Amino acid sequence: MTTLFLKTVKAHRPDIEITVASGPQTASLFSDCDSVDNFISVGNRTMSPKTRMKVLIEEIRKKERFDLVADMRTRLDVRTFSFLRKINARHYLGHAKNNYTLFDLNVSPEVQHTSERWLAASQIITGQIEQSSKCLTPQDFCFPANAKEHEINQWQETLPPSRARILFNLYGSSPHRSFQYPEALKLLRLWLEKFPDDLLQLLPIPGHEREVKRLAAEINDKQVVVAPLPSPLSLPASFTLTRRADLIFTPDTGMVHIASSLNAPVIAIYDDNPQNFSEWKPLSDLQTVIFTRPPIAPHERVSIHEFDYAEMWTAVENLLAQHGSSRTSL
């Protein structure tokens, strides 16, 4: 979603020099984006957030003072706020951060979705009115190059024939957004019972590689495969697999936004949180959102598997039928 801002600003104001500071996970995305003039990435996956921010500040301070820092998160913790303050930029652009004296430029709190926030931020900087996220196409985003794309395509050519290739991500950014092993096993087995001609491709999400391989081994069906990717799974590989899939199944996490940027068919499982949904809902033309059951107590954490399976089966049939029609028309 951030690359919407980068491409839009660069298109209207090529004189603006853009620097992106990020962790190592997204290095391949931003370092390959033509709209980024400088990319600062420090540390590795094992480095603590506190240490990474300290090193990142040291790298940022090696550059000249920035004219503007843009941050579209809706909330800031103390550590992140301190990090932004130490950059010592002339101006700070945020989303609904009027209560922070650091921010002198703000996107209205009425702008909810992340993509709309970044488009509104680009409008503030360039003075150009941008299209809504409802009209976005893949050309509006930056994508990482994938050196392994040919190998992934070759591997997929060896897979058995299928009605549809379903890309499964079973893990989110927090435990309650991730399928536990028994529920993941149940989901995959029920899917094969319902749609035995589908090919289920399981994403080996970092930290869950052994669990994913164990799932495939226990099901022991040629229609369930794990992508033979270098560990850990890279962002470019995720994009390549998404492009080749007929349907993506995922909880509310980064795979939703990869699917959105590629306008890929997706079934996304969200918890019953209207605020979170308004900020992070999928943008694909072909998409179905299925919500988990409402909590029965104010602070109950509902697990991601607690949703209506009948609703999901209907969504699978409808999305694959529409996707097939769109491919035929192309």
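These legends describe close-up views of a predicted model.

**View 1. Helices α7 and α8 pack against each other.** Helix α7 spans residues 181-194, and helix α8 spans residues 209-219. Their axes lie 11 Å apart, at an angle of about 45 degrees. The two helices are therefore oblique to each other. Their crossing is right-handed.

**View 2. Side by side, α7 and α8 each supply residues to the contact.** From α7 come Tyr181, Ala184, Leu185, Leu188, Arg189 and Leu192. From α8 come Glu211, Arg214, Leu215, Glu218 and Ile219. By class, seven of the contact residues are nonpolar and four are charged. No polar residues take part.

**View 3. Tyr100 and Phe103 form an edge-to-face aromatic pair.** A search of the whole structure finds 17 aromatic pairs. In the pair of Tyr100 and Phe103, the rings sit 6.1 Å centre to centre, with 75 degrees between the planes. Tyr100 is partly exposed, at 25% relative accessible area. Phe103 has 6% relative accessibility and counts as buried.

**View 4. Tyr309 and Trp313 form an edge-to-face pair within helix α12.** The ring centres are 6.0 Å apart, and the planes make an angle of 75 degrees. Helix α12 covers residues 309-329.

**View 5. Ring pairs build an aromatic cluster.** Tyr309 and Trp313 belong to this cluster.

Notes. Residues numbered from 1 in each chain as written. Predicted model: local features only at pLDDT ≥ 70, side-chain atom pairs only at ≥ 80, totals over all residues. Heavy atoms only, no water. Axes fitted to C-alpha atoms, helices over the stretch in contact; angles between N-to-C directions. Helix = DSSP H or I, 4+ residues; strand = E, 2+ residues; numbered from the N terminus. Parallel < 35°, antiparallel > 145°, perpendicular 65-115°, else oblique. Left-handed = near helix turned anticlockwise from the far one by under 90°. Contact = heavy atoms within 4.5 Å. Nonpolar A, V, L, I, M, F, W, Y, C, P; charged D, E, K, R; others polar. Phe/Tyr/Trp six-rings, centres within 6.5 Å; stacked < 30°, edge-to-face > 60°. Buried < 20%, exposed > 50% of the residue type's maximum accessible area, 1.4 Å probe, protein only.
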